[in-house]
Amino acid sequence: MNFGIQLENLINLFQYHVGSPMLFNSGAFLLLFTIFFAIYNALYNQKTARTVYVLIFSLFFYYKASGWYVLILAANVIVDYGIALLIDRSNTSLRKKLWLIFSLTINLGLLAFFKYTNFFIENINLLAGSKLHLDPISGIFLPIGISFYTFQALSYIIDVYRGLIKPQKSLLDYAFYMTFFPHLVAGPIVRAKEFLPQVRQNLMYDRRDLGFAIFLILKGLIKKALISDYISQYADIIYDNPSGYSGFENLMAMYTYTLQIFCDFSGYSDMAIGIAKLMGFQLGDNFNSPYTSQNITEFWRKWHISLSTWLRDYVYIPMGGNRNGVGRQYLYLFLTMLIGGFWHGADWKFVLWGAAHGLGLAIHKLVAKRLPDTLWIKFGGWFLTYHFVAFLWIYFRASTFQIASDSIYSIFNRMDWAFVLPFFKARTELVYILILGYFLVLMPRKWKVWTEDLLIRAPIPVRLVITLIIIQAVLQFQTESVQPFIYFQF
């Protein structure tokens with residue numbers, strides 16, 4: 001009987017389950033990755049075997065995350081691989097452009113179908129009073145990671161078209177680049193010119209690289225499982241019914257979600273970068289203490305770096321960037337962030353979020369050169385930037401405009417400071433974790449580097465003890481089920 005149960009559990013481990021995608025912070029992934037990494041260590045010097053092995057595991061990982069949509073990913077890889085070769089072999093600029101348009105149509109068309117079909121239907125129905133629907137696919141399932149791997153594919157095709165890189169001759173290597181599991185479902189968005197040369201390189205390990213990789217994985221686990229998942233419970237309660245709580249409680253929900261989304265997304269990035277580094281590959285940084293930014297321009301240089309640089313290189317600069325006068329520069333900034341907002345989700349609240357950030361960037365460009373460089377201006381800039389970002393996260397978190405409006409109304413019209421003391425008494429653990437989280441987020445860069453260096457150079461027994469303490473803390477504070485990453489929905 002026990003053998004039968006164990007066999008059934010093993011079979012379930014290798015099957016896709018709707019609503020239970022493979023997550024870095026799950027026990028199932030830890031088990032599978034341990035087995036995967038043990039075999040990988042025996043193959044990592046055999047380049048072709050290593051590439052095939054990681055590709056197979058990456059496709060399996062995506063199957064566990066998104067089911068049979070792995071076939072769409074595989075088809076995308078094959079088509080774009082072929083189009084890149086055709087662009088390179090075309091002997092006229094017109095043919096190159098036609099192949100580029102063909103690739104853009106396929107990639108953006110698939111993204112639009114899966115991500116925006118229901119959004120467009122709902123808005124047509126609202127404007128025309130019609131009752132259009134698409135049975136049985138009116139509830140189209142969004143393939144996990146499609147927004148990320150679509151932008152990654154586009155960057156490759158556009159770079160080939162521009163002549164910045166040569167198309168990859170090996171389908172195996174290109175498929176490895178596109179499906180590499182650490183970054184596949186939630187970024188970072190990796191550029192081909194930075195990653196493809198690594199596919200066939202000799203992998204070299206040293207103690208510091210391995211120590212830093214483990215440090216990143218543990219840091220990501222702390223952010224996600226210890227901080228984000230725990231404090232999310234409070235944000236969920238408030239945003240389920242913001243009008244039922246005081247202004248102070250809604251204000252604390254805003255601060256809570258601001259920390260939650262950073263710890264959740266940067267925690268994923270840390271784990272992805274750490275896992276890749278453990279395997280000998282470099283993905284690049286995706287966050288750089290964004291909440292310490294003194295203006296909104298600096299914030300977008302530090303937040304989701306792979307997306308912000310993608311939007312800069314493939315949207316803002318092709319529009320015209322800063323080449324056509326100040327007025328148009330402001331317009332291009334606004335439109336770029338509008339597109340970035342819509343990329344995040346098929347909802348008008350994401351469009352508003354992107355538009356507000358675009359307006360903020362334009363205003364900062366307008367006033368930046370007129371501000372004196374004083375300590376008070378720097379502090380004021382940080383204070384305003386942080387609260388501007390935090391305020392807009394309300395629209396990001398709220399499920400509807402009405403819920404966002406209710407929360408904002410409560411903050412500005414139903415503020416009662418008498419709730420402060422009862423809040424601290426009733427939610428002591430939450431307060432302590434918020435204090436810890438914000439301390440880690442806002443601490444000076446040199447403190448972070450010193451801490452990293454201290455832990456990386458620590459003896460193995462010390463690192464083992466720290467690892468066990470972190471795992472125990474995660475188990476102590478974890479919720480009933482493993483929580484998916486916020487950016488899995490984008």
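Which residues of H7 are buried? In this predicted model, local features need pLDDT of at least 70 and side-chain atom pairs count only at pLDDT 80 or more, whereas totals for chains, interfaces and linings use all residues. Residues are numbered from 1 along each chain as its sequence is written, and side-chain values use heavy atoms, with hydrogens and water left out.

Helix H7 (residues 171–179) is mostly covered, with 7 of its 9 residues buried. These are Asp-173, Tyr-174, Ala-175, Phe-176, Tyr-177, Met-178 and Thr-179. Buried denotes under 20% relative accessible area, exposed over 50%, and partly exposed in between (1.4 Å probe, protein chains only). Helices are DSSP runs (H or I, at least four residues) numbered from the N terminus. The cover over the buried residues of H7 includes helices H3 (47–66), H4 (70–89), H6 (146–162), H8 (181–184) and H9 (192–199).

The largest nonpolar core has 134 residues. Such a core is a set of buried Ala, Val, Leu, Ile, Met, Phe, Trp, Tyr and Cys residues joined through side-chain atoms within 4.5 Å. Helix H11 (residues 247–278) supplies the largest share of this core, 18 residues. Among the residues with the most contacts inside the core are Phe-36, Tyr-40 and Met-279. Leaving aside neighbours within four places in sequence, Met-279 is in contact (heavy atoms within 4.5 Å) with Phe-36, Phe-37, Tyr-40, Val-54, Phe-180, Phe-181, Leu-203 and Tyr-205.

Leu-366 lies in helix H15 and is partly exposed, with a relative accessible area of 41%.

Notes: Helix = DSSP H or I, 4+ residues; strand = E, 2+ residues; numbered from the N terminus.
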